[in-house]
Amino acid sequence: MNFRGLDIYTGRLAEIETRDGQIESYSDLGSVDNTGYPYLSHGMIDMQVNGYRGIDYSGIDLNQEGIEEMCSYFRKAGTFRHVPTIITNSEERIIRNVRIIAEACASSDLIRESIAGIHIEGPFISSEDGPRGAHDKKYVRIPDVDEFNRWQEAAAGLIKIVTIAPEARNAIEFTAKVAKTNVHVAIGHCAPSPTEIDALINSGADLSTHLGNGSHAVLPRLRNYIWEELARDELTAGVIADGYHVPAAVLKCFARVKGINRIILVSDTAPVGGLEPGPYKWGDIDVEVCNDGHVALAGTSLLAGAGALLDHDVSVFMNATDISLEEVLRTVTVNPAKVLGVEGVDKPFRIGDKADILCFDNTPEQLRVKSFCFGNIEGEV
């Protein structure tokens with residue numbers, strides 16, 4: 001396959017040819033003045049995907065066919081790798097679904113290349129309205145290392161992230177043990193004190209799950225857990241930049257305080273994301289896809305996951321922060337790759353490397369994918 005465009009890593013016009021899943025040739029065509037060319041970069045990585053277009057990673061009907069279909073949707077939107085996220089549920093369901101994902105990875109090269117790990121978001125979170133978000137209260141419980149180990153065994157070691165509430169009983173012990181297994185413990189869906197956040201970080205927590213969301217609607221002006229997490233350099237922050245979850249001014253503040261190297265844009269797309277407006281069920285929870293595409297708890301203004309993918313979120317974040325495309329792309333390539341242990345995404349294109357090429361136009365509304373090559377998977381959009 002042939003690609004011609006502005007190499008995001010050099011700022012110069014380049015032509016790349018791929019064959020049999022590898023980069024066969026790379027030609028530097030020099031600097032150009034006009035901006036009529038598409039861009040070339042590595043594919044994006046989405047570290048928080050609940051589901052999409054009716055496919056639910058936490059659902060009772062999850063199967064390999066649905067996972068393959070979801071991977072296909074994402075590639076066409078520029079996301080080559082993603083992290084299936086299973087939200088608060090029974091232990092039986094969590095074990096069942098991580099096993100399905102692991103078995104799908106073992107039996108399909110396509111799925112194995114596309115899935116960079118599993119994220120368990122809950123059930124060890126706050127039971128309070130607000131911090132709990134759209135998670136089902138009846139399944140919320142205290143952190144349990146033995147239960148986590150049963151998940152990980154069923155997942156064949158694929159669990160890379162687990163989100164917990166720092167104020168939960170056993171949270172410190174849980175974090176200290178789980179972090180030693182090279183699993184990232186994230187702070188999220190919680191209402192902790194500064195002391196509880198500090199203790200969890202000292203025990204090994206290093207991420208914030210969708211900072212600014214999964215929280216109370218009203219907080220103390222200065223002494224609150226969002227400020228506390230924002231101020232801690234030890235925490236890399238996941239951020240939903242869909243234009244609904246976090247206002248533009250807050251995105252700008254997050255970017256300035258955290259710095260581009262400690263932000264990871266995540267879609268947090270819900271199973272009903274991408275569907276027609278109307279009422280739906282997410283498990284036992286009533287949700288609604290609104291006319292503008294965002295997802296809410298039915299009959300409320302409370303958000304319930306997202307409806308947009310990273311091709312949209314990158315543009316929203318750029319518009320809010322005035323940060324360059326080259327820098328913002330780090331938040332969906334290099335930064336998540338570092339957390340997940342994905343190799344090669346932090347390097348420029350080189351002859352002989354596995355093909356990981358995304359060709360897209362940069363518009364104010366979203367990145368518009370033109371073509372892609374991810375190993376032996378290639379296509380035009």
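1. Asn182 sits in the loop between α5 (171-179) and β11 (184-187); helices (H or I, at least four residues) and strands (E, at least two) are DSSP runs, numbered from the N terminus. This is a predicted model, in which local features need pLDDT of at least 70 and side-chain atom pairs count only at pLDDT 80 or more, while totals for chains, interfaces and linings use all residues. Residues are numbered from 1 along each chain as its sequence is written, and side-chain values use heavy atoms, with hydrogens and water left out.

2. Asn182 is not a glycine, yet its phi is positive, about 65°. With 67% relative accessibility, Asn182 counts as exposed; exposed means over 50% relative accessible area, buried under 20%, and partly exposed in between (1.4 Å probe, protein chains only). Arg53, also not a glycine, has a positive phi of about 50°. Arg53 belongs to the loop between β6 (51-52) and β7 (55-56) and is partly exposed at 40% relative accessibility.

3. Another backbone feature is the cis peptide bond between Gly122 and Pro123, with omega about 15°. Pro123 is placed in the loop between β9 (118-121) and α4. Asn89, in the loop between β8 (79-87) and α2 (91-107), has Pro123 among its contacts, along with Ser58, Ile94, Tyr139 and Arg141, leaving aside neighbours within four places in sequence. Contact here means heavy atoms within 4.5 Å. Asn89 counts as buried, at 10% relative accessibility.

4. The axes of α2 and helix α4 (residues 145-154) come within 8 Å and cross at roughly 25°. Axes are lines fitted to C-alpha atoms, for helices over the stretch in contact, and angles run from 0 to 180 degrees between N-to-C directions. That makes α2 roughly parallel to α4 (angles under 35 degrees count as roughly parallel, over 145 as roughly antiparallel, 65 to 115 as roughly perpendicular and the rest as oblique). On the α2 side the contact is made by Glu91, Ile94, Ile95, Val98, Arg99 and Ala102, and on the α4 side by Glu147, Arg150, Trp151 and Ala154.

5. The largest nonpolar core has 82 residues, of which Ile67 and Leu265 touch the most other members. A nonpolar core is a set of buried Ala, Val, Leu, Ile, Met, Phe, Trp, Tyr and Cys residues joined through side-chain atoms within 4.5 Å. Helix α2 gives the most to this core, with seven residues. A second, separate core of 16 residues includes Ile161, Ala186, Val339 and Val345. Residues touched by Leu265, not counting those up to four places away in sequence, include Val239, Leu310, Phe317 and Val332.

6. Strands β15 (residues 278-282) and β16 (residues 285-289) run antiparallel and are joined by five bridges; two strands pair if DSSP finds at least two bridges between them. Tyr280 is opposite Val287 of β16, and Lys281 has Asp286 as its bridge partner. Two residues lie between the strands of this hairpin, where Gly283 takes a positive phi near 65°. The open sheet has three strands in the order β15-β16-β17, with antiparallel pairing. Its edge strands, β15 and β17 (295-297), each pair on one side only.

7. Leu13 lies in strand β2 (residues 13-19) and is buried, with a relative accessible area of 4%. Among the residues that Leu13 touches, beyond those up to four places away in sequence, are Arg4, Leu6, Leu29, Val32 and Tyr37.
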